[in-house]
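Good morning. Please look at the structure on the screen while I talk.

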Amino acid sequence: MLEQELHYLLMRAFHASNREVLAQVRETGLLPGQPKVLEYLDEHDGCTQKQLGEGCALDKSTITGLLTRMDQQGLVRKQTAADDRRVSLVCLTEAGRRHAAFVRQGFAAVDALAWDGIGPEERAAFLQTMQKIIANLQRNGGNSGKSNQ
């Protein structure tokens, strides 16, 4: 029964959440992946591209493509770090900050929808359990030696 399998439920939850987020921000013209980049930069403005990729769970080529488009849209810019000229930092522009604020509202609306009818104690227990699940999966690093299915 797939409805009792964690991997299946995680996939279903991710896709349902992602659809709702995209519906919330559709009018902004943002492309898939851009809302979570804006949300991350809203909290970590001036981070490296590597930090951004790790924070958004995106690989290097995906984050590069997203940032190229977002730079062309005027949402982000890169600047050289003052303490190490070899390091490039990703920063929000004013337009990026406005979009990030809108995205935050959209994410909050999706969270409210997801938490509907779930009390504070149940929420806290769920979040604690999810954090443990994520830590367990990251500890293994995708190296179980089994196929990725």
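I will go through the salt bridges and then the nonpolar core.

Keep in mind that this is a predicted model.

Let's start with charge. Side chains of opposite charge can pair when their charged atoms come close. In this structure there are 6 salt bridges. I will show some of them.

Take Arg104 and Asp42. Their closest N and O atoms are 3.0 Å apart, and the two form a salt bridge. Where do Arg104 and Asp42 lie? Arg104 is in helix α5, residues 94–115, while Asp42 is in helix α2, residues 34–43, so this pair ties together parts that are 62 residues apart in sequence. Is Arg104 buried, exposed or partly exposed? Its relative accessibility is 27%, so Arg104 counts as partly exposed. Asp42 has 35%, and Asp42 is also put down as partly exposed.

A network of salt bridges links Arg104 and Asp42 with Glu39 and Glu43.

Next, a pair within one helix. Glu94 and Arg97 form a salt bridge, with 3.3 Å between the closest N and O atoms. They are 3 residues apart in helix α5, which means about one helical turn separates Glu94 from Arg97. With a relative accessibility of 52%, Glu94 counts as exposed. For Arg97 the value is 34%, and Arg97 counts as partly exposed. The cut-off for exposed is over 50%.

One more pair: Asp84 and Arg86 meet through their side chains in a salt bridge, at 3.0 Å from N to O. What about their accessibility? Arg86 is exposed, with a relative accessible area of 75%. Asp84, at 22%, counts as partly exposed; buried would need under 20%.

How many residues does the largest nonpolar core have? It has 24, and the residues with the most contacts inside this core are Val37, Leu38, Leu41, Leu52, Leu67 and Val76. At least two residues of the core come from each of α1 (6–25), α2, α3 (49–56), α4 (60–72), β3 (88–92) and α5. Which of these supplies the largest share? That is α5, with 5 residues. Helix α5 is also where Arg104 lies.

Finally, pick out Val76 on the screen. What is Val76 in contact with, leaving aside its neighbours within four places in sequence? The residues are Leu41, Leu67, Met70, Asp71, Val90, Cys91, Leu92 and Thr93. Two of these names, Leu41 and Leu67, were in the list of core residues with the most contacts.

That is all from me.

Methods:
Residues numbered from 1 in each chain as written. Predicted model: local features only at pLDDT ≥ 70, side-chain atom pairs only at ≥ 80, totals over all residues. Heavy atoms only, no water. Salt bridge = Lys/Arg side-chain N within 4 Å of Asp/Glu carboxyl O. Helix = DSSP H or I, 4+ residues; strand = E, 2+ residues; numbered from the N terminus. Buried < 20%, exposed > 50% of the residue type's maximum accessible area, 1.4 Å probe, protein only. Core = buried A, V, L, I, M, F, W, Y, C linked by side-chain atoms within 4.5 Å. Contact = heavy atoms within 4.5 Å.
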